[in-house]
Each structure stands twice: as C-alpha cells, then as structure tokens.
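Subject: Structure handover

Hello,

Here is the structure for your files. My notes on it follow below.

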Amino acid sequence: MNIPELSSKILNGDRRALARAITLVESARPDHRAQAGELIETLKDSGRQAIRIGLSGTPGVGKSTFIESFGMMLTSLDLRVAVLAVDPSSSRSGGSILGDKTRMDRLSREPNAYIRPSPSQSHLGGVARRTREAVSLCEAAGFDVILIETVGVGQSETVVAEISDLFVLLLAPAGGDELQGVKRGIMEMADIILVNKADGDLKPAATRTCSDYAGALRLLRKRPQDPEDFPKAMMVSALEEQGLKTVWDEMTTLTDWRHETGHFGGRRAQQARYWFEEEVRHSLLALLQTPEAKDILLTASDKVTKGLKTPTVAAQDVLRELQG
Ligand code: GDP
C-alpha cells in the first residue's frame with residue numbers, strides 16, 4: 001500500500017481512503033501494523049483537532065437514537081461527524097455493518113457524516129487500541145466531532161474515556177433506587193450525564209432521575225479539569241429531538257474552558273502516555289507468544305514445578321534467554 005498517497009487522500013477527506021485506512025489499522029498482520037504506524041505518524045501533524053466524545057450506556061437507553069438525532073443536529077450546523085464504536089461483546093458479528101447502519105439510518109445517508117461499524121475482534125483492549133487509531137484518522141480527515149459509542153459493561157467505559165475529550169453517560173429515566181445501578185467509578189468519569197427519553201409519560205420520571213444524578217454529581221470530589229457547574233446532568237429526548245442543541249452548547253462551553261486552561265491538551269498528553277504504555281505492554285506480551293518463547297517458558301515452568309528452581313530465579317533466566 002502506498003502510504004504517502006493514502007495519507008494525502010485522507011487529508012483531502014476521501015472517505016474510501018479513510019475506510020481503507022481504518023481497515024489497515026484494525027488489522028493484526030505485522031506488515032499492516034508497520035504500515036499503520038507509518039500512516040498515523042505521517043498524519044500526526046495534520047494540525048486538525050476534533051472534539052472526541054465518548055458515549056456510553058446500557059442497551060436500550062437510546063444510544064443509537066441519540067447518536068442519530070445528535071449527529072443530524074450537528075450536521076445541520078455544518079459540522080462533520082464521525083461515529084465509531086467500541087463493542088466489548090463484539091457480538092454484532094456478521095451483520096455488523098448492516099446492523100450499525102440501519103441503526104442510524106438517516107445519519108448514514110448524510111454526506112457530512114461517517115459511520116464506522118465496530119471492528120469484530122474479541123479482545124476489548126485490542127479493539128480499543130485500534131479504535132483510538134481510527135479516531136486519529138477521522139481527525140486527520142477533517143471531522144469536527146467524533147462520537148465513540150460503547151455499550152456500558154464496566155471495562156469498556158474506561159478505555160473509551162481514554163480515547164475521548166468528553167465522556168457522556170446516557171441513562172434512561174427510572175425509579176429512585178436506580179442510582180445505585182451506576183457504579184461510582186463510571187459516574188466519576190462522566191463529564192455530562194444525559195437522562196434520555198424525557199418525553200411523554202416518561203418526562204416526570206426523567207426529571208426526577210436527572211435531579212437525583214445532579215445531586216449525586218455534586219457530592220463527587222471536585223476535579224481540576226472542570227469549570228463551575230461541571231460535571232452536570234441534563235435531560236434530552238433523542239426521539240423527539242429535544243435538548244440536543246443545549247447539550248452541544250454545554251459541550252463546547254466545557255471544551256472551550258479546557259482549551260483556555262490547558263486541560264484539553266493536558267488530557268490528550270496524558271492519554272498519549274497511557275496508550276504508549278499499553279502498546280509497550282501489549283508488544284511485550286506478544287513477544288511471549290512466539291513458539292520459541294513458549295518453549296522457553298514451558299521448560300522454565302517445568303523446573304519450577306519440580307522444585308529445581310525458585311520462581312524468581314526461573315523468571316530471571318527466562319528474561320535473560322528471551323533477550324539473548
Ligand atoms: P441502544 O440500545 O442504547 O442503542 O438504544 P436504541 O437507540 O436502540 O433505543 C432503544 C429503544 O428506546 C427504542 O425503542 C427507541 O425508539 C427508544 N428510545 C430511544 N430514545 C428515546 C427517547 O428519547 N424517547 C423515547 N420515548 N424512546 C426512546
């Protein structure tokens with residue numbers, strides 16, 4: 001693959017080139033990994049910066065409906081929107097392209113929107129690492145807003161938060177004790193909590209849920225990256241397209257403030273470090289997967305179980321052999 005050509009097409013906003021590039025970064029083949037690395041490196045000085053928004057919520061809270069309505073609202077403001085997904089279950093196999101596209105029917109036909117179905121890999125860490133690279137490709141392609149969706153199952157929020165500038169937790173209206181259903185750690189990651197389905201019969205419950213969460217957020221420790229009044233809880237109706245512009249205004253207020261105070265760049269720098277460490281960790285573990293390494297490990301672990309060597313010395317021997 002001709003990387004300089006691919007990269008200049010991406011910079012020109014060529015969607016087919018973007019799709020090819022994302023496929024490249026998703027590939028686990030060593031030669032593809034090397035090309036992907038070169039591509040990302042070439043594009044890193046594009047000078048373009050999107051707002052990356054992580055969005056999480058349990059199935060049924062209205063993530064697709066929200067992304068569709070919110071995405072359409074953004075494109076009506078002449079903003080270009082990309083949608084990516086980190087799907088920890090990766091069970092949308094087979095029909096995943098169709099699945100994701102029919103979920104966001106109007107947005108997928110919008111020329112200023114790009115929807116990328118979730119990669120079908122089983123390992124969450126791997127999916128997240130590649131999604132992060134896909135995000136930077138979309139950024140270089142000139143998208144203004146990148147929405148990264150994940151199904152809330154615990155672990156996946158953490159990695160999505162490490163890819164995004166803003167983390168949004170989408171909730172549905174519920175009875176008062178629902179609050180306990182959201183883990184404190186997830187609450188602490190949220191910049192904005194959106195209570196969706198604030199319409200029709202659900203409106204009173206949404207109002208109650210929203211004020212419960214607003215109260216809970218006030219009890220959390222103040223974070224340096226937040227201006228006054230953040231993190232905050234708000235109500236929307238994705239279905240009736242209510243409250244979406246207000247949400248966007250709040251998001252831009254927050255990111256503007258973080259830009260001015262250096263927290264925006266600070267968070268990205270800290271994320272770069274996180275992903276660097278992840279990449280090193282992953283590459284080191286991959287070194288242990290070669291047949292030779294497996295042999296070395298097996299022999300050493302045999303000696304340990306037979307009492308011929310202590311675990312510490314055996315581990316040191318293995319490292320020495322691997323380096324040799
Ligand atoms: P996801 O699983 O989180 O992607 O949720 P979906 O977007 O597929 O929505 C699940 C269900 O909730 C669908 O039947 C939607 O029509 C409904 N829904 C989504 N947003 C709203 C909303 O704002 N109001 C109401 N009343 N229903 C909604």
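Buried means under 20% relative accessible area, exposed over 50%, and partly exposed in between, with a 1.4 Å probe and protein chains only. Glu157 is buried by that cut-off, because its relative accessible area is 4%. This is a predicted model, in which local features need pLDDT of at least 70 and side-chain atom pairs count only at pLDDT 80 or more, while totals for chains, interfaces and linings use all residues. Residues are numbered from 1 along each chain as its sequence is written, and side-chain values use heavy atoms, with hydrogens and water left out.

Glu157 lies in helix 8, residues 155–161 (helices are DSSP runs of H or I with at least four residues, strands are runs of E with at least two, both numbered from the N terminus). Its side chain makes a polar contact of 3.4 Å with the side chain of Ser56. A polar contact is a pair of N or O atoms within 3.5 Å; within protein, one must be able to donate a hydrogen and the other to accept it, and residues adjacent in sequence count only if both atoms are side-chain atoms.

The protein chain as a whole has 14 helices and seven strands. Of its 324 residues, 48% count as buried.

Pro111 sits in the loop between helix 6 (105–108) and strand 3 (113–115) and counts as exposed, at 61% relative accessibility. Its C-alpha is 9.6 Å from that of Val81, 30 residues away in sequence. Arg116 is in the loop between strand 3 and helix 7 and counts as buried, at 13%. The side chain of Arg116 reaches the backbone oxygen of Ala19 at 3.4 Å, and a polar contact of 3.3 Å joins it to the side chain of Glu26.

Last, the largest pocket. On a 1 Å grid over the protein atoms alone, a pocket is an open set of points where a 1.4 Å probe fits, with protein on both sides within 12 Å along at least five of seven lines; lining residues have an atom within 4 Å of a point. The largest pocket holds about 610 Å³ of space, a volume being the space filled by probe spheres set on the points, which are joined across faces, edges and corners. Its lining has 23 residues, with Ile40, Lys44, Arg52, Arg132 and Ser136 nearest the centre. Helix 7 gives the largest share of the lining, six residues.

Regards
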